[in-house]
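Me: Can we go through this model together? I'd like to start with the interface.

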Number of protein chains: 2
Amino acid sequence: MLARGIFAKMLRVFTQVEVINMCEANAYLRQKGGEDELLLEMVDRVIPQEDGILLEDIFGKRKLVKARIVEMALVDHKIILEKE
Amino acid sequence: MLARGIFAKMLRVFTQVEVINMCEANAYLRQKGGEDELLLEMVDRVIPQEDGILLEDIFGKRKLVKARIVEMALVDHKIILEKE
């Protein structure tokens with residue numbers, strides 16, 4: 001019974017980590033001084049458009065940013081944009 | 001002791017899943033017919049440059065592709081490029 005309890009607990013932790021570990025990223029706007037200002041968290045989709053970069057988070061919230069992509073570092077969950 | 005053994009086993013599974021679940025993506029080149037041809041697997045970094053898109057996989061292997069980004073879908077682990 002004890003083992004089963006621990007198994008269930010580990011499974012819950014495991015499931016939570018799966019959710020936390022979704023592969024979304026945070027989008028930042030790089031400032032002239034080199035600092036990065038957070039634009040949008042938990043970004044799922046990045047779609048370049050004529051008038052900027054369209055960011056969509058995992059909840060479907062969208063933000064169009066007049067910028068260009070500097071770099072995307074997926075393992076670090078970072079999208080860096082810069083004003084054009 | 002049994003509980004400790006199960007705990008250790010779960011921890012190993014958990015650690016493996018962490019590794020498998022790294023947030024790299026696969027890069028595809030969209031064909032005119034609409035099909036996607038695999039360009040590079042396990043891409044970590046995407047860096048737009050003047051002469052194309054520089055892709056770098058998690059092992060540091062790089063590929064410069066004369067293309068533009070159509071869409072990046074991070075939760076689906078997909079980067080779609082298209083010839084300019």
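**Interface and fold**

Reply: Chain B and chain A bury about 2,600 Å² between them, and carbon and sulfur atoms give 69% of that. Buried area here is the accessible area (1.4 Å probe) that two parts lose on being put together, summed over both. This is a predicted model: local features need pLDDT of at least 70, side-chain atom pairs count only at pLDDT 80 or more, and totals for chains, interfaces and linings use all residues. Residues are numbered from 1 along each chain as its sequence is written, chains are lettered from A and ligands numbered from 1 in the order in which they are written, and side-chain values use heavy atoms, with hydrogens and water left out.

Me: Which residues of chain B lose the most area to chain A?

Reply: B:Met10, B:Cys23 and B:Leu74. Together they make up 25% of what that side buries.

Me: And how many residues are in contact?

Reply: 31 residues of chain B are in contact with 30 residues of chain A. Contact means heavy atoms within 4.5 Å.

Me: How do the copies superpose?

Reply: A rotation of 180 degrees, with 0.3 Å of shift along its axis, puts chain B on chain A at RMSD 0.6 Å. The two copies are thus related as by a two-fold rotation axis. The same surface serves both: 97% of the contact residues of chain B recur in chain A.

Me: OK, fold next. What is the order of elements in chain A?

Reply: From the N terminus, α-β-β-β-β-β-β. That is one helix and six strands. Helices (H or I, at least four residues) and strands (E, at least two) are DSSP runs, numbered from the N terminus.

Me: How much of chain A is buried?

Reply: Of its 84 residues, 38% count as buried. The cut-offs are under 20% relative accessible area for buried and over 50% for exposed, with partly exposed in between (1.4 Å probe, protein chains only).

Me: Strand 5 of chain A: how many of its residues are buried?

Reply: Six of the seven, residues 67-73, so strand 5 of chain A is largely enclosed by the rest of the structure.

Me: What does it pair with?

Reply: Within the chain, six bridges join strand 5 of chain A to strand 6 (residues 78-83) of chain A, antiparallel. A:Ile69 stands opposite A:Leu81 there. Strands pair if DSSP finds at least two bridges between them.

Me: What about the turn between strand 5 and strand 6 of chain A?

Reply: That hairpin has four residues between the strands. A:His77 takes a positive phi near 60 degrees.

Me: Over to chain B. What does strand 3 pair with?

Reply: Strand 3 of chain B pairs antiparallel with strand 2 of chain B over six bridges. They form a hairpin with two residues between them, and B:Ile47 stands opposite B:Leu54. Strand 3 of chain B also pairs antiparallel with strand 4 (residues 62-65) of chain B, over four bridges.

Me: Salt bridges now. How many across the interface?

Reply: Two. The rule wants a side-chain nitrogen of Lys or Arg within 4 Å of a carboxyl oxygen of Asp or Glu. A:Arg45 forms a salt bridge with B:Glu71, with the closest N and O atoms 2.6 Å apart.

Me: What else does A:Arg45 meet in a salt bridge?

Reply: A:Glu56, at 3.8 Å, N to O. A:Arg45 lies in strand 2 of chain A and A:Glu56 in strand 3 of chain A, so the pair ties together parts eleven residues apart in sequence. A:Glu56 is buried at 13% relative accessibility, while A:Arg45 is partly exposed at 25%.

Me: Which residues are in the network with them?

Reply: A:Arg45, A:Glu56, A:Arg62 and B:Glu71 are linked by salt bridges.

Me: And how many salt bridges over all chains?

Reply: Ten. Among them is B:Arg30 with B:Asp36, closest N and O atoms 2.8 Å apart.

Key:
Least-squares fit on C-alpha atoms with pLDDT ≥ 70 in both.
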